[in-house]
Amino acid sequence: MGFMKRQPSLSIRCPQATSLTRNNVSLFYNNLANVLDKNKFEGKDIWNMDETGVGAVTSGERGTLVTVACAGNALGNMIPPMFIFPRVNFKDNFIRDGPPGCIGAANKSGWMMEDHFLQFLKHFHHHTRASLDAKVLLILDNHSSHLSVRGIDFCRENGIVMLSFPPHCSHKLQPLDRTVYGPLKRHVNSFCDTWMRSHPGLTMSIYDIPGIVRLAFPLAGTPGNVQNGFSSTRIWPYNRDKFKDSDFAPSLVTDLPPPPVLPEQAGTSAPLEVPPVHAGRSASCAVPPVHAGSSASCAVPPVHAGPSVSSAVPPVQAGPSVSSIVPPVQAEFSPETVRPHPRAGPRKITKGNGRKKCKSAILTDTPEKEALEREKAKVKREPTKVKRKLTKNTLETSQQTKTKEKKHTEKDSDSEKEEDFCIVCLESYSRLGEVWHQCCQCKAWAHEACTDGGSIYICHNCESDGEL
């Protein structure tokens, strides 16, 4: 503990699952190459869309964030942002001081929903003028609000090709996350300080955020910053060999073990080939003391009459016997053999209500759209299932759920608007037997199935803020 006190910049963290593995990254760049080759996209046609949370530095609503959704292309152009307020109803005066051309929406959680995403797609189409004859590529993450059947239908009808990133890879693959949102939040904090000095005695609210973003947005979303985001991720110009071995090192702790060897495959390795040996000479893989003219070792060129030759042993002249001890061949040394990397425990298997494991995909392709439609239809049919027979276990689970709901209400009575929604999947707290985890930094809640299952939970927003 003394070491940790002397190093305040360090923190103790349990190994968490990460998707920045070679397979996931290779799949994304394969999909990107297929889309670029098929549609002949140029830099002006490649767009990235992402959301971030912006809040007041000091106010009565500290900790309440307004979602800002932006989109930029590989040439450095950006469209006006979209604001989503944590309010039940949206009013036009919420964004009266915002950037020119911006739009707004509102819901209880303040996060992007499927309806708001469709609204953003219409806003995006209005500024990009995409069509079936002049298509554009929109690259975005796998958030549940982006997996909307109505949104995909709108994109297919208006020439917008959607490609998704692998999950948990925004810090490496998302252009706006790499070079735009970091400067944006720094400029927002700076202008918040200026606002408070210019308005002594007044309290900043979330309705002042659009005016702050109007000042910070041109300074952060410069063409140079946006272009650097696409070039640093090698999305444009395209280069799939951007990442090195060190970039994939964090995923070693959660890599799956190698597949087991099948019984019929065990013991079928090809034996060592023994070169032809002339009469009077024997071949052996284990090298005993070598006597003149007695034996030859494996993996040795043809031995002619005369002295025998052993691997890693100089030729032995005819005459008195010479004993030679050959050291065994050792495998390449690695520090991991002495102290292996820490490994994350096996993930908890959830039944029914777990999040679907996502991967990079071309969402506007017909197979992906049909799979999403089947998944949505299955979710709609779930409430009509016959009620389960109550048993002792289900009754205990119900009592635990009620206790959890009571604690949840007592802890978050001041944030009633956010406590009923999962910060990851945005579903309400209503299912029987659910266990929720609370972020240890922002105190937001999430389903256990939506987290990595570790004892310490930090949401994706706090993680992205910490990386900045």
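This is a predicted model: local features need pLDDT of at least 70, side-chain atom pairs count only at pLDDT 80 or more; totals for chains, interfaces and linings use all residues.

I started with β5: Val136, Leu138 and Leu140 point one way, Leu137 and Ile139 the other, and all are buried (under 20% relative accessible area with a 1.4 Å probe, protein chains only; exposed is over 50%, partly exposed in between).

Numbering runs from 1 along each chain as its sequence is written, and side-chain values use heavy atoms, without hydrogens and water.

Next I looked up the neighbours of β5. Three bridges join β1 to β5 in parallel, and Trp47 has Leu138 as its bridge partner. On β6 I found five bridges, also parallel, with Leu138 opposite Met162. From β5 the chain crosses through helix α4 (residues 149–157) to β6, a right-handed β-α-β crossover (clockwise from the first strand over the helix to the second, with the strands pointing away from the viewer).

Then I zoomed out. The sheet is open, six strands in the order β4-β3-β2-β1-β5-β6, with mixed pairing (strands pair if DSSP finds at least two bridges between them; strands are DSSP E runs of at least two residues, helices H or I runs of at least four, numbered from the N terminus). Its edges are β4 (103–107) and β6 (160–164).

Last, I checked β1 (46–55) and β2 (65–73): they are antiparallel over nine bridges, and Val54 stands opposite Val66.
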